[in-house]
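Thanks for coming. I will go through one structure today, starting with a pair of charged side chains and ending with a sheet.

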Amino acid sequence: MVAEKPSIADSIAKILSNNQAAVRRSGRTPVHEFSGSFQSQSAFFKVTSVTGHVYKTDFTREHQNWEATNPLDLFDAPILKSESDPKAKMPKYLMNEGKGMDVLVLWLDCDREGENIAFEVIQNVQPVLSNSGRFVFRARFSAITKPDIMRAMNNLTFPNKYEALSVDARQEIDLKVGVAFTRFQTKYFQGKYADLDSSLVSYGPCQTPTLGFCVERYDEIQQFRPQSFWKIVPTVDANGTSLKLSWEKKREFNKNVAVKIESEVKQEVYAKLIESKIKPASKSRPLPLNTVELLKVCSKNLGIGPHSAMNAAEHLYISGYISYPRTESSAYPQHFNFNEVLDALRHSKWQKEINKIISEGVNPKKGHDAGDHPPITPMKDDDGLSGNEKTVYNYVVQHFLGTLLGDCKYKKIKTKFQIGNELFSHEGYRVEDPGFTSVMTWLKVEESGPGYLESADNIRVISVRLEEGVTTPPDYLSESDLITLMEKHGIGTDASIPTHINNIIERNYTKLGNGRTLVPTKLGIALVHGYYKIDKDLVLPKVRASIEQSISSIAKGTHSFEYVVNQSLSVFFNKFSNFIKQITLMDELFEASFSTFEEIQINSKVKPICGRCRRYMKYINIRPPRLYCPICEETYRLPTFKKTGGKIREHSEVCPIDGFGILAVSIGTNAKSYTLCPNCYNNPTIENMEVGMACNQCTHQTCPFSVHKVSVLPCGKCDDIGMLCLDLHGTRLDCNICANSLILPKAKKIKILPKLAETGDHLLSFEFVNSEAPAELKSLLDTSSSTTVIEASVLSHPVISALVDDLNGRKRYTRGGGRGGGRGRGRGRGRRGRGISDDQLKMSF
């Protein structure tokens, strides 16, 4: 049995084994084993999990190089499925655990994404099953509770290949379209403007229409012209109650007319009662909760952004507090067990309301049944939640109970008065039954007003005021407003909407304003206005909505994968071709908003040699940091320093591979340092090198800056098995992957020797100034000279090893896993670097 996450596998195993499962670890995720019964036969069970997708969709290495690939070629480029996390070795792990088993039961999340992961598992497990892999089942469940898990186990179905293929289609379309546009835009604009303040100028079939909604509202605000208005506000005494009345005309835009009316009304001493009506009214209880509604409420009422809200909901689901949080349905299933959920909440603070529901029976409103998952409901009582999870959980409980209570019933009392020739009114409310607002208290109706007036004489006018106001523009779109628009126009799914909103914030296209509004930046505005000038379909939602409908047709089995992918890519290929030809139309907007390299102040202290033209490059020390060659008109991205801070300076050497000037990078408060070649960092040509890798990760055999020349021993403290490398100052060893560092004893000079110690690490040559050497070295000093050279291993030398500190001040560092570990597997190769990769580009376009 395979689940999507280790925590879900753990819960399933405990439920099915009655907490009798034994646990062992043979790979990245635990394996739970127990004996039991399966379909009336004795069986031995293994329950384990993956950690999300087993594979990722990517271009072949040939098309991953930004410089060597024409973005137009990406639409026809072959793609491949590679391991999402190579170091986890998930395919091998699944095959090993599945070997010799008879049945595979898939417990992946019950949505299209989960179905796609299910087939990734099948690909690796089915070939090694007994009985030729004939017995592959799918468990359908909506909550991690014993009743739900047992129901799923007793009603196993089969995986749906069409839903899995629909995810493959979306991945391929988004990868090719998103990466093609993003590479072209990023190179074009970052190569021309210095102050873009974004590492990527990205496009996405979902991301860009999402941004378009925000800019459309921005344009409305900019085009708005305020108008002054005036309104008459009288206050009267009705049977001893002071009432502030509303003008039936609402407001007057002509001041002279308003002043004249005010004067006439002020002359009246009494108001005349025209009518007093009582009408029954009600506020309808909510529909059952789906994902979109949860996200909207969290942003608008709870102050939690969609991305954080979804994370909290997923944690609550995994921990068994709520049902599956990704659902489009707002209707409870016909045989939903309400009593089961109510019983789980009996000890909450809502006991009174729960007892009322049980005594009166349940009759919730009927919403939309999308045929996916039941609405989001609580599954057990809170036993110590905190933070966002507690806030989200409490809302889910209140919303669930609110759907089962009655409507809020009240009386609306509207009273009309005449003062002079003008009509005024007052509304009051009397609550008869609070209904669902007894738990959703923020929606309650406030009682007000004097009640019904059968007759009233001598209603005295206390005062009359002329109030001036100004019409105001609409506010920027809130996250809640944006979610509503995305759902209405079919942009994204209930699962991906939070990611798209988060992306336009993270990529500096919008900023989060007061009230969780989304305020477009000048970069976001220039992009959207540029798309409108070239091809408005690139930003309008209708094209993406059409693609989403086509993708859904794959899931339903009405269209083939090949047809939908080819049709969609054909549409965007034509649009991209036109976009390239018309890019100057967008560039005109960028020219008005940003500064070129020639217009901005350049840091003249850092000017490494360009390996192509042999001229000096310019260092652009604003976000994102880049090098710019004015001769070749090329830019080279550099590491972006965030909270830890960092510095870049020019090194005295050039890269022997391409002739580019080497840069020295210092990063973090502990001054970790390394070298990088600007060209290798952006356009790697060495095997196993990826975009964003520094010199200490380069696998070139002879380059003096590569990992082969600067590493001393394996780190042993990171999963990636990095290498500890001598830093630029020769004072410490820094891991080329994780944050681990070793502080070496203070010496005049330290260098790496080609000789290996018995422990497998390189010997170091320490040159100590005798008068400054540590006291522990006194017996080893050469008294005939002012300096002493000692060749030693940092692991095994009896004195030197005792002088080595890690950054936490702990003495006598020993490598994890003991002695004699060799040179380390791969010397840190294969690690995703610090720069920008297509993985970052294609995430949730």
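Let me start in helix H7, residues 255-266, where Lys266 and Glu262 are four residues apart and so separated by about one helical turn. Helices here are DSSP runs of H or I with at least four residues, strands are runs of E with at least two, and both are numbered from the N terminus. The side chains of Lys266 and Glu262 meet in a salt bridge, at 3.2 Å from N to O. By salt bridge I mean a side-chain nitrogen of Lys or Arg within 4 Å of a carboxyl oxygen of Asp or Glu. Lys266 is partly exposed at 48% relative accessible area, while Glu262 is buried at 13%. Buried is under 20% relative accessible area, exposed is over 50%, and partly exposed is in between, with a 1.4 Å probe and protein chains only.

A word on the source. This is a predicted model, in which local features need pLDDT of at least 70 and side-chain atom pairs count only at pLDDT 80 or more, whereas totals for chains, interfaces and linings use all residues. Residues are numbered from 1 along each chain as its sequence is written, and side-chain values use heavy atoms, with hydrogens and water left out.

How many salt bridges are there in the whole structure? The search finds 39. One of them joins Lys356 and Asp433, with the closest N and O atoms 3.8 Å apart. Lys356 is in helix H11 (residues 351-360) and Asp433 in strand S14 (residues 422-433), so this pair ties together parts that are 77 residues apart in sequence. Lys356 is partly exposed, at 29%, and Asp433 is partly exposed too, at 28%. There is also a network of salt bridges linking Arg24, Glu33, Lys46 and Glu97.

Now the nonpolar side. The largest nonpolar core has 121 residues, and Trp107, Phe400, Leu401, Phe579 and Phe590 touch the most other members. Such a core is a set of buried Ala, Val, Leu, Ile, Met, Phe, Trp, Tyr and Cys residues joined through side-chain atoms within 4.5 Å. Helix H5, residues 161-190, gives the most to this core, with nine residues. A second, separate core of 27 residues includes Leu724 and Ile800.

Last, the sheet. Three strands form an open, antiparallel sheet in the order S21-S22-S23, where pairing requires at least two DSSP bridges between two strands. Strand S22, residues 661-667, pairs with S23 over five bridges. Leu663 stands opposite Leu676 in S23.
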